[in-house]
Amino acid sequence: MAVPVTVALLTHLDGADPPCCPWCAALPAASLTWGQAARAAAQLGGRLPTSQEWEWMAGSGVRRYPWGDDEPGTGLLRANVRGVGPDGPTPVGAYPHGATPAGIFDVAGNVWEWTSTVVPGGYVVRGGSYRALALYARCGYGNEVPASLASPGIGVRVVRRP
């Protein structure tokens, strides 16, 4: 998907009442365990990306960050990371200057994204979050998280075959 899964889309999948306001509906769906994220991806007709797929999509080996080599807060605001954005998630697509050249939004910052790559401590997450230093938003950076963790700083992006 060109954007992470939003609260509105996840709420629609669950059949729950819609979010209270349009701003809330546009936030990235977060606070999901790995299992919940994998189920949501399957319900949307896809799956979680592998860590290597995520890194390729972000542009690792070509650019330092998904948009290029400039730091997130230099000139145009490019990502919701510590010291650049607010201390909380922002609506998906709020940082259009941070999109990849292919038009994929919110790859860096806002919320980490689960991958399907298993590591001894759980699964790899990518992209950094609103509380992460810019370093963690770099294309080549990954972190490991226990599968049972449901954090407001971890969300989901779906991979589907065209």
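**Reading the labels in this predicted model**

Me: There are 4 bridges joining β1 to β2, and these strands run antiparallel. Why do they count as a pair?

Reply: Two strands pair if DSSP finds at least two bridges between them. With 4 bridges, β1 and β2 meet that cut-off, so they are a pair. W114, for instance, has V125 in β2 as its bridge partner, and a hairpin joins β1 to β2 through 2 residues. The names come from DSSP runs numbered from the N terminus: helices are H or I, at least four residues, and strands are E, at least two.

Me: What should I know about the model before going on?

Reply: It is a predicted model in which local features need pLDDT of at least 70 and side-chain atom pairs count only at pLDDT 80 or more, while totals for chains, interfaces and linings use all residues. Residues are numbered from 1 along each chain as its sequence is written, and side-chain values use heavy atoms, with hydrogens and water left out.

Me: What makes β3 and β4 edge strands?

Reply: The open sheet has 4 strands in the order β3-β2-β1-β4, with mixed pairing. β3 and β4 (154-155) each have a single partner strand, so one side of each lacks a neighbour in the sheet. For β3 that partner is β2, joined to it by 4 antiparallel bridges, and Y123 stands opposite V145 in β3. For β4 it is β1, through 2 parallel bridges, with E113 opposite G155 in β4.

Me: Why is β1 described as largely enclosed?

Reply: Buried means under 20% relative accessible area, exposed means over 50%, and partly exposed lies in between (1.4 Å probe, protein chains only). In β1, 6 of the 8 residues are buried, so the rest of the structure largely encloses this strand.

Me: How do you know whether T90 is buried or exposed?

Reply: T90 has 9% relative accessibility, which is under the cut-off, so it counts as buried. T90 lies in the loop between α4 (51-58) and β1 (112-119). Apart from neighbours within four places in sequence, its contacts (heavy atoms within 4.5 Å) are L27, P28, N80, Y95 and N110.

Me: Why is the pair E71 and R138 called a salt bridge?

Reply: The term needs a side-chain nitrogen of Lys or Arg within 4 Å of a carboxyl oxygen of Asp or Glu. E71 and R138 meet at 3.9 Å, N to O, so they qualify. This pair links distant parts of the chain, 67 residues apart: E71 is in the loop between α4 and β1, and R138 in the loop between β2 (122-126) and β3 (142-145). R64 and E71 also form a salt bridge, at 3.1 Å. Shared partners join R64, E71 and R138 into one network.
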